[in-house]
Amino acid sequence: MTIITDRFNINTKGFTDIIDITSQITDLTKKHDIKNANAHIYVIGSTASITTLEYEPGLIKDLPEALEKIAPVNKEYHHDQTWQDGNGYAHIRSAMIGTSENIPIVDGALFLGTWQQIVLVDFDNKPRTRTILVQFLF
Ligand code: ZN
């Protein structure tokens, strides 16, 4: 098996900032001339996630609203008693959604639906620079 590893950085606003990173993944696929492989896309850190979403204005509001019911921003978390960093909700959201996705690459193209984009979601309570690691396995 061959593994090619690359990475790029994204600046976020935090607070469940949802950023479409599909074009960056497509660019890396072309840069390394990947034809058939598995792309493992991973965000370093425990207050962000990688997932897929239809990247349209409605869902950009709906996803944070749904997560607010499960892990509200203003709830008091045990984590905040440990570190006083106020981002307990961000760790819970990251753990639930996960920090990586595997997307097949078939004949040189990401095997995504028409309305399916790869997104970085930054939950932290401040702007961050996130490193996205991409490994192509074939
Ligand atoms: Zn924390």
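Is His79 buried or exposed, or does its relative accessible area place it in between?

Analyst: This is a predicted model, in which local features need pLDDT of at least 70 and side-chain atom pairs count only at pLDDT 80 or more, while totals for chains, interfaces and linings use all residues. Residues are numbered from 1 along each chain as its sequence is written, and side-chain values use heavy atoms, with hydrogens and water left out.

His79 is partly exposed, at a relative accessible area of 23%; buried means under 20%, exposed over 50%, and partly exposed in between, with a 1.4 Å probe and protein chains only. Through NE2, His79 coordinates the zinc ion together with Asp85 (OD), Asn87 (OD1) and His91 (NE2), at 2.0 to 2.2 Å. Donors here are N, O and S atoms within 2.8 Å of the metal (3.2 Å for Na, K and Ca); water is not among the atoms, so sites may look incomplete.

Along the sequence, the donor residues follow the spacing H-x5-D-x1-N-x3-H. The angles among the four donor atoms run from 86 to 168 degrees, and the site is irregular.

Elsewhere, Lys75 lies over the face of Tyr77, 4.4 Å from the ring centre; the criterion is NZ of Lys or CZ of Arg within 6 Å of the ring centre and within 35 degrees of the ring normal.

How values were computed. Four donors count as tetrahedral if all angles lie between 85 and 135 degrees; four count as square planar and six as octahedral if opposite donors are over 155 degrees apart and all others between 65 and 115; anything else is irregular.
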